[in-house]
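Here is a friendly walk through the aromatic side chains of this protein chain. Have a look at the structure first, and then we can go through the rings together.

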Amino acid sequence: MECHSAGVQAIHVHVRDDQGRHSIDASRYLAATDAIRRLAGPDLIVQMTTEAVGQFTPLEQIASVRAVRPEAVSIAVKELVPDASAESAAAELYGWAHQNRIAVQHIVYAADEFDRLLDLVARGIIPGKRHSLIFPLGRYVANQESDPAELVPFIAKVQDHGGSGRFDWWVCAFGASETASLVAAAALGGHCRIGFENSFINADGSRAASNAERIGDLRRSLVGIRRAPASRAETMRALGKPD
C-alpha cells in the first residue's frame, strides 16, 4: 500500500512455500493477489512470474499461468522455451495469453536470448506486433553487482529491431548500482522495476528500510529527466498487454 501511494503502478510477485523456498504454486499466487488487492485496492497491477530457478519445467510453468490467469506475467524465454521440443506447448500458452489480453513480459538475461526471442516472434510462436522485455542487470556477474554499461548490448538490439515502435523495455538491477542503472534506463526511454528483490541500497549508499523508501530514492534521482508518471493503462501496455 505504501509503495502504491509512493507512485508505483505494478507489483512483481514471487511466492514461497511453507519452508520459504521459491514456488510457482497457483493457489499461493491467487491468495497473494487477493491479499494485495485487499490492501492496495484494485488499481495496482499484480504481475506474477514463472521464474523457474532451475526447479520447474516448462509444463509446470505453463500450468501455473493457466491456473492463475493473471492480468500480467513475466516469463523467461530461456526457461519456457529452452529448446525446439518446448516450442509447441509454449506457442499454445503465448497464443492463449494473447487472446485473453494477458500482459506478457519477456525476461531477457543476455543479448543472445534477444535473438532467440526474435526468432520465436518471426515464426509466430510468440504472437503480436509489440512486445515487453525486461533486462535484469548484474544477475550473472561477480557479486551480482549491476553496471549501467550492461545496457549497451540490449539497447543496441532494441534499436536494431524496431525500437520503441516495437518494444517496451524495462530494467531491474542488482546491487548497490540499482538506482544508477535505473536512472540510465529511464534516461534512454526504458521503464524501471525497483525493490528488495534486487537491492537494499539507496543511491547514497545507505540501506533502505522499505521498498517504499527505495521508490522515493529513485523518484528523487529521476527529477531531472522530467518523464510524466504512467497511467495504469499505459503501464499495462508497457508490461505487454496486447493492443
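Searching the whole structure, which is a predicted model, turns up five aromatic pairs. One of them joins Phe114 and Phe167 in an edge-to-face arrangement, with 5.3 Å from centre to centre and 75° between the planes. This pair links distant parts of the chain, since its partners are 53 residues apart. Phe114 belongs to helix H6 (residues 111-122), while Phe167 belongs to strand S8 (residues 167-173).

A second pair is made by Phe196 and Phe200. Why does this one count as tilted? Its planes stand at 40°, and a pair is called stacked under 30 degrees and edge-to-face over 60, so an angle that falls in the rest is tilted. The ring centres of Phe196 and Phe200 are 4.5 Å apart.

| Residue | Relative accessible area | Class |
|---|---|---|
| Phe196 | 24% | partly exposed |
| Phe200 | 33% | partly exposed |

Now for the surroundings of Phe200. This residue lies in the loop between strand S9 (191-192) and helix H9 (211-221). Which residue lies over the face of Phe200? That is Arg207, at 4.5 Å from the ring centre. As for Ser210, ten residues from Phe200 in sequence, the C-alpha to C-alpha distance between the two is 8.1 Å.

The loop between S9 and H9 holds Asn198 too. Here the setting is buried, with a relative accessible area of 8% for Asn198, whereas Phe200 is partly exposed at 33%. What does Asn198 touch, not counting residues up to four places away in sequence? The list is Cys172, Ala173, Phe174, Gly175 and Glu178. Two of these names bring us back to strand S8, as Cys172 and Ala173 fall in its span, residues 167-173.

Conventions: Residues numbered from 1 in each chain as written. Predicted model: local features only at pLDDT ≥ 70, side-chain atom pairs only at ≥ 80, totals over all residues. Heavy atoms only, no water. Phe/Tyr/Trp six-rings, centres within 6.5 Å; stacked < 30°, edge-to-face > 60°. Helix = DSSP H or I, 4+ residues; strand = E, 2+ residues; numbered from the N terminus. Buried < 20%, exposed > 50% of the residue type's maximum accessible area, 1.4 Å probe, protein only. Lys NZ or Arg CZ within 6 Å of the ring centre and 35° of its normal. Contact = heavy atoms within 4.5 Å.
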